[in-house]
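The following exercises are to be worked with the sequence and the structure in view. Each task is followed by a solution in steps.

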Amino acid sequence: MAVVDGGETPPLELFLSIGLDKRTAENALVNQKVTANLTAVIKEAGIDGCGKAIGNLLYMVATKYPTNALIHRPVLIGYIVSSKIKNQAQLDAALAFLSNVGPESFQLDKFDESCGVGVNVSTEEIQSIVSAVVEENMEAILEQRYHINVGNLCGQVRKKQPWADAKIVKEMIDGKLYGILGERTEADNVKPLKKKKEKPAKVEVQTSAIVTSPLPSEEEVNPYSIFPQPEENSKVHTEIFFSNGTIWRAHNSKEILEKHLNATGGKVLTRFPPEPNGYLHIGHAKAMFIDFGLAKERNGLCYLRFDDTNPEAEKREYIDHIEEIVQWMGWKPFKITYTSDYFQDLYNLAVELIQKGLAYVDHQTPEEVKEYREKKMNSPWRDRPIAESLKLFDDMRRGMIDEGKATLRLKQDMQSDNKNMYDLIAYRIKFTSHPHAGDKWCIYPSYDYAHCIVDSIENITHSLCTLEFEIRRPSYYWLLVALGLYQPYVWEYSRLNISNTVMSKRKLNHLVTEKWVDGWDDPRLLTLAGLRRRGVSSTAINSFIRGIGITRSDNSMIRVDRLEYHIREELNRAAPRTMVVLHPLKVVITNLDNPSILDLDAKLWPDAPDGASSFYKVPFTSVVYIERSDFRLKDSKDYYGLAPGKAVLLRYAFPIRCTDVIYGDNSDDITEILVEYDPSKKTKPKGVLHWVAQPSPGVDPLKVEVRLFERLFLSENPAELEDWLSDLNPNSKEVIPEAYAVPSLGSAVLGDKFQFERLGYFAVDTDSTSEKLVFNRTVTLRDSYSKGGNK
């Protein structure tokens, strides 16, 4: 394919060669800037003509490309020419990505992910999304018929699946409308009369103009619309198949549902049921968002229920933490309850099951239970007399049988195709004090036995859990059917899996107890306590959760970058700017008098209007400090830092030019840089550096400790590794004990968050004292952040 030479081919012919229509090409020639940009883009593409689809995308690049990222334009053009980026939605995403990156380098895999490169949306998936959007807008479609805004419907589909083929989406929506409305009638062809706008009455206070509402953002879409109302809970929840051919169809009878609705007033009741055996992590944030969020959205109520059936692993410390962190996450429980509050009810119902012949006391060891389950064999004690099981169960309760010598098992179906119907254990003996119930009980119910019953006792309308519990549905409903109890609506959602971390409480507990990390609130962990200590807000976490949705589609891995995006978005708005130098290099300004101290204005907010609240004062003296990585002995075109003979601008201050370098014991040991500053600011260097000055001659700047955190694990999914501890990142934490900060930072207190210019977002750590502040880096300025800042 011949290479285009923009200087020889007439511009109009050149523009027409890429498939632009004549009118668009002629309009481009009217604007000199567009003409120059489009000619350059075609030349960079290196093509001798192309189809209209590629040509239109190249035209958009010429007219919309961000000027701060021109260095990356050839990369984007290559993606378009090779059809890796092939529609406007992908291009819009690419332009937004590059605008945020600017001149900095970036990783192509992150670019690919943000632009949907390689994503193929099947016709079946598009059909499913179109059907959902049409269903959501059915009322408006039937009312407006063919006057419905089809573009708006296409936009809603695009919001759900941005990479779907726009042409196919439009064709499917048209087909759906035809199927619903039939042939267009004469009335459909009559344009509706526009309502005459009435002039608003003049008022003293200026009001905002009424504008068409934009399409709802991902965060604004109601994620709870998928759940039924309480009064609809009469359908069959699940069918329980027995090996003898019997089928139980679990559902609420009319009488049971009416009794439930009378007790609740028809309100939605949910529960967040953590086990108090460790600190909560970000996966629990998703559970809270669903449990508390559904109740809030429906004007209902949500319990915080501690699932405390295993006293050996539970502590008061964990209970107190969970109560406190739930409040921090922005949720207010209707009532705090414990499964142990219902131990007597649970015991009474267990006795009822024995009396019905649906439970028995068993003496098999754990090893024997495992063996019999693998062979689908009944326990030798399964058919013991009811009276004998009642007597033994009472002996268990009174502490007359040794621990491990007996359990109460449900008489379900040992030959079932579902292993969770293999006579689950309902009670076991544990001579252990309970953190909430004390020493009253020495037998404790299992999760499988207690959870569904307490859901029913508390009249929970929606019992929501992660997908791995789906296999337990038959046993959940088996118990409620067996006892004739009200049955909540069970719905499972996909578990939250985030890259470069572990979410298992067992693994987290190992990291903490074996001192691989500095406690449950170590900022490298994705525990909620760790995220909070790192400087992440609950609102950023909830925004992230809302963005990923609550579907039950899969258990795919979510890249941690996506969480960091929401954190950055919030901190960019909320965190004031300041300057800190992590690795100081002394710079002596030789043409500024040593005693001189200039108080300069530095901006707290980049786009804030002028005013005292928008600035803070920084001293400028003859000795300042810059990052050691911002100085090189050898300059280059792509380097914007300081070098011998080169000038840079000190942010908010003056240009400086390096005049000499002072060495220590060897040529690699640079102790200080001599410079001259330009008080007139006539010098216009390209590079801009942050800095910190001596507050007065001979006095060091404010010293603070800074902790830099990276991903805790090197692999995206360390949990799947057999030796997962070997994947720990040895460089996940770097402590800089004496960074230099501007004086105003000395008044920072716990809870304060800042953007350290060019370095990232930081928060005051709990280890801070009156003598020394400690800052944790919450997140870098961008995904492609590289230490040193200059390339």
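Two exercises on this predicted model follow.

**Exercise 1. Helix α21**

Task: Determine which residues of helix α21 are buried, and describe how they are arranged around the axis.

Solution. 
Step 1. Helix α21 comprises residues 505-513. With buried taken as under 20% relative accessible area, the buried residues of the helix are Lys505, Lys507, Leu508, Leu511 and Val512.
Step 2. These residues lie on the same side of α21, because the arc they cover around the axis is only 160°.
Step 3. Now consider what covers them: α14 (282-297) is included in that cover.
Step 4. At the start of α21, serine 504 places a side-chain oxygen within 3.2 Å of the backbone nitrogen of arginine 506. After α21 comes lysine 515, which has a positive phi, near 65°.

**Exercise 2. The second largest pocket**

Task: State how much space lies in the second largest pocket, and identify what supplies its lining.

Solution. 
Step 1. The space in the second largest pocket is about 940 Å³.
Step 2. Its lining consists of 33 residues, of which His284, Tyr447, Thr466, Glu468 and Phe469 are the closest to the centre.
Step 3. Assign the lining to elements: at least two residues each come from β3 (269-272), α14, α19 (447-457) and β10 (462-466). The most is given by α14, which supplies five residues.
Step 4. Sort the lining by residue class: 12 residues are nonpolar, 11 polar and 10 charged.
Step 5. Relate the two exercises: α14 is part of what covers the buried residues of α21, and α14 also gives the most to the lining of this pocket.

Technical notes: Residues are numbered from 1 along each chain as its sequence is written. This is a predicted model: local features need pLDDT of at least 70, side-chain atom pairs count only at pLDDT 80 or more; totals for chains, interfaces and linings use all residues. Side-chain values use heavy atoms; hydrogens and water are left out. Buried means under 20% relative accessible area, exposed over 50%, partly exposed in between (1.4 Å probe, protein chains only). Helices (H or I, at least four residues) and strands (E, at least two) are DSSP runs, numbered from the N terminus. The arc is that of the directions from the helix axis to the C-beta atoms. Contact means heavy atoms within 4.5 Å. A polar contact is a pair of N or O atoms within 3.5 Å; within protein, one must be able to donate a hydrogen and the other to accept it, and residues adjacent in sequence count only if both atoms are side-chain atoms. On a 1 Å grid over the protein atoms alone, a cavity is a set of points where a 1.4 Å probe fits but cannot get out, and a pocket is an open set with protein on both sides within 12 Å along at least five of seven lines; lining residues have an atom within 4 Å of a point. Grid points are joined across faces, edges and corners, and a volume is the space filled by probe spheres set on the points. Ala, Val, Leu, Ile, Met, Phe, Trp, Tyr, Cys and Pro count as nonpolar, Asp, Glu, Lys and Arg as charged, and the others, Gly among them, as polar.
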